[in-house]
Amino acid sequence: MAGGAREVLTLQLGHFAGFVGAHWWNQQDAALCRPTDAEEPPGELCPDVLYRTGRTLHGQETYTPRLILMDLKGSLSSLKQEGGLYRDKELDAAIAWQGKLTTHKEELYPKNPYLQDLLSAEGVLSSDGTWRVKSIPNGKGPPPFTNARTPKPVIPTEGSIRVWSDFLRVHLHPRSICMIHKYNHDGEAGRLEAFGQGESILKEPKYLEELEDRLHFYVEECDYLQGFQILCDLHDGFSGLGAKAAELLQDEYSGRGIITWGLLPGPYRLGELQKNIYRLLNTAFGLVHLSAHSSLVCPLSLGGSLGLRPEPPVSFPLLQYDAALPVHCGAILATALDTVTVPYRLRSSPVSMVHLADMLNFSGKKVVTAGATIPFPLVPSQSLPDTLMQLGQATPWTPLSACGDPSGTCCFTQSVVLRGLDRARHTRLKVVLALFWQSAHPRDTSALPAPRVHHWGRSLGPIFAAAAA
């Protein structure tokens with residue numbers, strides 16, 4: 001149980017959603033493992049909103065994401081579908097047949113050096129199926145610091161990352177991963193390309209019952225479930241699967257918040273006409289159907305455009321990345337998501353998902369846009385008002401929803417989050433932001449909502465993000 005936390009169940013649908021989700025969960029894990037002093041108060045974010053506690057069959061306590069993940073055959077690489085905390089189900093099954101047996105076993109992908117180094121640092125899986133973890137205080141966070149010298153950790157390289165599981169450092173519950181075996185991740189045949197294909201998956205009893213079983217497992221153990229957040233690919237057939245999943249959630253759990261983040265990878269090639277038409281149609285159908293069944297929908301992409309005419313990828317003044325690499329795009333979008341979702345993950349005085357969605361909905365329009373400044377250009381010797389006023393008439397964040405240039409447009413309402421600042425600079429932040437917005441946009445009649453400020457250590461650097469309608 002989450003002990004009073006307002007729990008959120010995450011659905012992660014699609015392969016690019018896997019890249020964003022892997023970075024997202026790695027960031028949550030890094031926050032949990034951040035060294036703290038005994039006298040330091042707990043962080044402002046409540047990890048129990050996203051995580052659940054449990055026990056293995058051998059009585060060991062686990063702390064895993066409250067997550068349901070769906071992807072295609074061939075997308076897991078060296079990651080086991082049942083995760084790494086529990087013994088394989090096949091090894092525990094009693095075999096009644098006394099005759100001759102023939103075993104056909106698929107060869108596993110070898111773990112890359114990054115995952116091998118990670119496993120050796122955390123513990124080992126013993127012969128009896130028990131995961132022997134090195135001493136961890138209170139079941140969360142890293143082992144205590146010692147004076148002994150530790151080897152430098154291995155950093156994953158772009159060449160060693162083929163799929164999102166190649167850099168996922170978080171252990172998943174056996175009920176998290178749901179594989180769709182009728183479609184392939186690799187190759188040109190058997191691909192999940194169209195919206196209708198994705199819709200038809202959850203019309204099959206096999207996959208529908210599997211999803212419902214996992215939903216009931218996670219929901220029934222929650223004390224106060226505030227809602228669901230869906231990370232869903234929009235450019236392929238997962239847009240249809242996400243739409244059916246959102247419809248199921250709306251029917252089964254009415255009154256709970258459903259916030260959908262529609263994800264698209266970086267820029268596309270102009271010469272692939274058929275793929276681009278599929279991408280456009282899937283995105284359009286996905287936004288329409290997801291908005292009908294979600295409390296809020298926000299497209300996220302660094303591609304610059306959702307249409308058939310390609311635009312240059314999004315550029316950041318202080319950040320360099322390769323837009324053609326999903327691992328780079330996923331890292332940026334996950335960082336923005338980690339900031340935008342702060343309001344409903346706070347430990348004290350959180351804004352519920354339903355309230356946040358109601359605040360951003362205008363006249364029933366559920367599709368919103370997002371933007372972020374990564375990192376926020378605040379130097380140590382400068383105050384926040386001085387930094388904001390140097391921007392002049394420009395907004396401080398870069399658009400992340402591939403909806404064109406927002407200059408000259410007006411928003412009706414917005415949620416603004418600024419995190420990573422020294423607490424000494426939080427003084428009268430709401431007043432500072434309101435004055436800045438009024439001076440930069442004197443004709444804008446939108447009311448600036450109370451910002452949610454989070455201090456999670458200076459090492460992350462300041463990040464400024466907003467969701468607007």
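Here is a quick tour, grouped by topic.

This is a predicted model, in which local features need pLDDT of at least 70 and side-chain atom pairs count only at pLDDT 80 or more, while totals for chains, interfaces and linings use all residues. Residues are numbered from 1 along each chain as its sequence is written, and side-chain values use heavy atoms, with hydrogens and water left out.

**The big picture**

- The protein chain has 11 helices and 15 strands; these are DSSP runs numbered from the N terminus, with helices being H or I of at least four residues and strands E of at least two.
- Of its 469 residues, 49% count as buried (buried means under 20% relative accessible area, exposed over 50%, partly exposed in between, with a 1.4 Å probe and protein chains only).
- Take the contacts (heavy atoms within 4.5 Å) between residues at least 6 apart in sequence: 82% of them join residues at least 24 apart.
- The accessible surface of the protein chain comes to about 23200 Å², and 56% of that belongs to carbon and sulfur atoms; the areas come from the Shrake-Rupley method with a 1.4 Å probe, and for residues only the protein chains shown count as cover.

**The nonpolar cores**

- A nonpolar core here is a set of buried Ala, Val, Leu, Ile, Met, Phe, Trp, Tyr and Cys residues joined through side-chain atoms within 4.5 Å.
- The largest has 55 residues, and those touching the most other members are V20, W25, W164, W261, L263, L300 and L302.
- Elements that each supply at least two residues of this core include α1 (15-32), β4 (67-73), β9 (257-264) and α8.
- Setting aside neighbours within four places in sequence, L300 has contacts that include W261, L263, L333, L337 and A370.
- There is also a second, separate core of 39 residues, with L13, F228, L234 and L249 among them.

- In helix α9 (residues 353-360), the buried residues are M353, L356, A357 and L360.
- They sit on the same side of α9 because they cover an arc of only 95 degrees around the axis, judged by the directions from the helix axis to the C-beta atoms.
- In general, an α-helix has 3.6 residues a turn, so residues three or four places apart point the same way.
- E252 lies in helix α6 (residues 238-252) and is partly exposed, at 46% relative accessibility.
- E252 is 40 residues from E212 in sequence, and their C-alpha atoms are 9.6 Å apart in space.

**Cysteines**

- How many disulfides are there? The count is 0, taking a disulfide as a pair of cysteine sulfur atoms within 2.5 Å.
- C403 has its closest cysteine sulfur in C298, 8.2 Å away, which is too far for a bond.
- Is C403 buried or exposed? C403 is exposed, at 51% relative accessibility, whereas C46 is buried at 11%.

- Most residues other than glycine have a negative phi, and most peptide bonds are trans.
- S349, in the loop between α8 and α9, has a positive phi of about 50 degrees and is exposed at 56% relative accessibility.
- A402 also has a positive phi, near 55 degrees, but A402 is buried at 11% relative accessibility.
- A402 is one of the contacts of S305, along with Y268, R279 and E311, leaving aside neighbours within four places in sequence; S305 is buried too, at 16%.
- The peptide bond from I374 to P375 is cis, with omega near -10 degrees, and P375 is in the loop between β11 and α10 (384-390).
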